[in-house]
Every structure is written in structure tokens, then in C-alpha cells.
Amino acid sequence: MNIYELIEKRQSIRKYEQRPIEREKLERVLRAGAMAPTARNEQAHRITAVTDPEVIAKLAPEMPFVATAPCVLAVSFDGDRTMRCGQSARTIDSSISLAYVSLAAVEEGLGGCWLGSFDAENARVLLGLPETATVAALYTLGYPEGDTPRRIKKPAEALYKIR
Ligand SMILES: Cc1cc2nc3c(=O)[nH]c(=O)nc-3n(C[C@H](O)[C@H](O)[C@H](O)COP(=O)(O)O)c2cc1C
């Protein structure tokens, strides 16, 4: 698979086979996230891979499919910096890193779903992170079960312009 095929293959996966992710695979995927660019190369975000089903079940109880994932990644940071453009360096770093993870996951035959609709303070406490930490996003990870219908997307041209 080349990078374009990978990008096209990626889709949000919310059904998982009930088997764990091999440690080497998980590490390769996490290493891809660690290779992502960061503002000023600060590399200040962290990804916690949660595999304890009891913790996973409490991370986002309002979305029951999350509890069925064999692994949930939490990307977090402690301290932020607003860049000159007005945006949070750490939120953007965290997002790029998870985007890399999501593509590496496809290469490994895995799939997952980005989660923004969760209680970040609840997740922080569950993960044992300090009060000053922020959990920017969660990402489920597992072997996809069955076929997931693809979401209809706008034509790509509607999302860019060349001028
Ligand atoms: C920032 C962000 C937050 C999201 N939050 C959730 C969420 O809380 N729950 C969920 O089921 N999906 C969530 N998604 C997944 C989107 O619904 C999904 O990416 C979108 O419908 C497009 O489908 P696709 O990923 O299959 O292309 C989120 C995606 C992004 C990028």
C-alpha cells in the first residue's frame, strides 16, 4: 500500500475483534506517532496506550463501542503555548501525532476511531495524570470486525482551492 492507498483505506472503525493487539504492532504504531512534527520540535505531548478493560470501560461510557476496543490511546499534554497564529501548539501537535498513528494502524491491519466526545477531566483522573494535564483526544484501536460502510465525503475539490 502506498500512502495514498493508506489514506483512502482509513475509516473510523467502531467494531473490533475480541483479541489483543500484539505488543510489537502497538509499539510500531506508537513510534509512528512519535515521528510526527511538533511546533519548535518540543515533543511535549504524550500518548498513553490503555489496555486494561476496566479502565477502558470508564474512559467514555457514553459511547458503548469504546468499551469493546482492546486498546484506547489517550493523547495528553501538560502545559501549552499559544503560537503566533493564535492556535494551541500542543493541541495541534497532539492531533498530528494521532493522525500519524491512525495511518500506521491501517498499515498494521488495525483500525480505530478518534474520540472528541468524552469527559477530559474524567479521563485525566483515570489515567493518573497530574491536575495540570490536558487530555486532548482518545483513539480506539483494534482489529476491525466485519465491513464498515464508508462515510460519504464531499468531493475533495470542495475542501481545497489552488490560487
Ligand atoms: C476531532 C474528531 C472528533 C471525533 N469524535 C468522535 C466521537 O466522539 N465519537 C465518534 O464515534 N466518532 C468521532 N469522530 C469520528 C468522526 O465521526 C469520523 O471521522 C467522521 O464521521 C468521518 O468518517 P471516517 O473517519 O470514517 O472518514 C471524531 C473525529 C474527529 C476527527
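**Notebook: helix packing, core and ligand shell**

I first looked up where two helices meet: Arg28, Val29, Leu30, Ala32 and Gly33 of α2 touch Ser97, Leu98, Tyr100, Val101, Ala104 and Ala105 of α4 (contact: C-beta atoms, placed from the backbone, within 7 Å; helices: DSSP runs of H or I, at least four residues, and strands: runs of E, at least two, numbered from the N terminus). By class, I find eight nonpolar, two polar and one charged residues in this contact of α2 with α4 (nonpolar: Ala, Val, Leu, Ile, Met, Phe, Trp, Tyr, Cys and Pro; charged: Asp, Glu, Lys and Arg; polar: the others, Gly among them).

I note that the model is predicted, with local features needing pLDDT of at least 70 and side-chain atom pairs counting only at pLDDT 80 or more, while totals for chains, interfaces and linings use all residues. Residue numbers run from 1 along each chain as its sequence is written.

**Geometry of the pair.** I read an angle of about 145 degrees between α2 (residues 23-34) and α4 (residues 89-107), and their axes are 7 Å apart (axes: lines fitted to C-alpha atoms, for helices over the stretch in contact; angles: 0 to 180 degrees between N-to-C directions). The crossing of α2 over α4 is right-handed (near helix turned clockwise from the far one by less than a right angle; left-handed if anticlockwise).

**Leu98.** I then followed Leu98, which lies in helix α4. Is Leu98 buried or exposed? Leu98 is buried, because 23 other C-beta atoms lie within 10 Å (buried: 20 or more such atoms within 10 Å; exposed: 12 or fewer; partly exposed: in between; C-beta atoms placed from the backbone). Apart from neighbours within four places in sequence, Leu98 contacts Gly33, Val75, Trp114, Ala137 and Tyr139. Leu98 and Gly33 are 65 residues apart along the chain, yet I find their C-alpha atoms separated by 6.1 Å.

**Core.** Which residues touch the most other members of the largest nonpolar core? Within this core of 31 residues, they are Val72, Leu73, Leu138 and Tyr139 (core: buried Ala, Val, Leu, Ile, Met, Phe, Trp, Tyr and Cys joined through C-beta atoms within 7 Å). I list α2, α3 (53-59), β2 (71-78), α4 and β4 (133-141) as the elements giving it two or more residues. Leu138 itself touches Leu59, Ala60, Val72, Leu73, Ala74, Leu115, Phe118 and Ala123, with residues up to four places away in sequence not counted.

**Pro53.** I place Pro53 in helix α3. Pro53 counts as partly exposed because it has 13 C-beta neighbours inside 10 Å. From Pro53 to Leu138 I read 15 Å, C-alpha to C-alpha, across 85 residues of sequence.

**Loop between α2 and β1.** I found Asn41 in the loop between α2 and β1 (45-50), and Gln43 in the loop between α2 and β1 as well. Phi is near 55 degrees for Asn41, a positive value in a residue other than glycine. Gln43 is also a residue other than glycine with a positive phi, near 45 degrees. Most residues other than glycine have a negative phi. Asn41 counts as exposed because it has 8 C-beta neighbours inside 10 Å, whereas Gln43, with 13, counts as partly exposed.

**Ligand shell.** What surrounds the ligand? I list Gln11, Ser12, Met63, Cys113, Trp114, Leu115, Gly116, Ser117 and Arg151 (C-beta atom, placed from the backbone, within 6 Å of the molecule). By class, the shell has four nonpolar, four polar and one charged residues.
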